[in-house]
Amino acid sequence: MSAYQGGCACGAIRYELKADPQFSFRCHCRQCQRIIGAGYASQFMVPRHRRRNQVL
Ligand SMILES: [Zn+2]
């Protein structure tokens with residue numbers, strides 16, 4: 001098991017993952033392109049009970 005920490009670009013949300021991602025993918029849909037401002041968004045899935053979010 002690994003622990004990962006990260007957050008959003010503006011720093012308002014932090015997260016901590018207490019498990020490795022089950023899978024990851026790159027989404028190229030228009031919605032993700034608008035949100036990220038790039039050609040694709042990198043995403044990964046972790047079980048909810050292994051994740052902790054904190055809104056600052
Ligand atoms: Zn998408």
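E16 has R52 of β5 as its bridge partner. This pair belongs to the antiparallel pairing of β2 with β5, which extends over five bridges. The model is predicted, and its chain of 56 residues has 0% counted as buried.

**Overall architecture**

- Along the principal axes, the C-alpha atoms of the chain occupy a box of roughly 30 × 25 × 15 Å.
- Among contacts in the chain with a separation of 6 or more, 39% are between residues 24 or more positions apart.

**The three-stranded sheet**

- An open sheet is built from three strands in the order β1-β2-β5, and its pairing is antiparallel.
- The edges of this sheet are taken by β1 (4–7) and β5; each has a single partner strand, so one side of each remains without a neighbour in the sheet.
- From one strand to the next, the twist averages 15°.
- In general, the strands of a sheet pair through backbone hydrogen bonds, in either a parallel or an antiparallel manner.
- β1 and β2 run antiparallel and are joined by four bridges.
- Within this part of the sheet, Y4 lies opposite L17 of β2.

**Exposure of strand β5**

- Strand β5 spans residues 51–55 and is hardly covered, as the count of buried residues among its five residues is zero.
- The chain as a whole likewise has 0% of its 56 residues counted as buried.

**The loop residue D20**

- D20 is located in the loop between β2 (13–17) and β3 (23–27).
- D20 counts as exposed because it has 12 C-beta neighbours inside 10 Å, and the cut-off for an exposed residue is 12 or fewer.
- D20 and N53 are 33 residues apart along the chain, and their C-alpha atoms are separated by 16 Å.

Conventions. Residues are numbered from 1 along each chain as its sequence is written. This is a predicted model: local features need pLDDT of at least 70, side-chain atom pairs count only at pLDDT 80 or more; totals for chains, interfaces and linings use all residues. Helices (H or I, at least four residues) and strands (E, at least two) are DSSP runs, numbered from the N terminus. A residue is buried if 20 or more other C-beta atoms lie within 10 Å of its own, exposed if 12 or fewer, and partly exposed in between; C-beta atoms are placed from the backbone. Two strands pair if DSSP finds at least two bridges between them. Two residues are in contact if their C-beta atoms, placed from the backbone, lie within 7 Å. Axes are lines fitted to C-alpha atoms, for helices over the stretch in contact, and angles run from 0 to 180 degrees between N-to-C directions.
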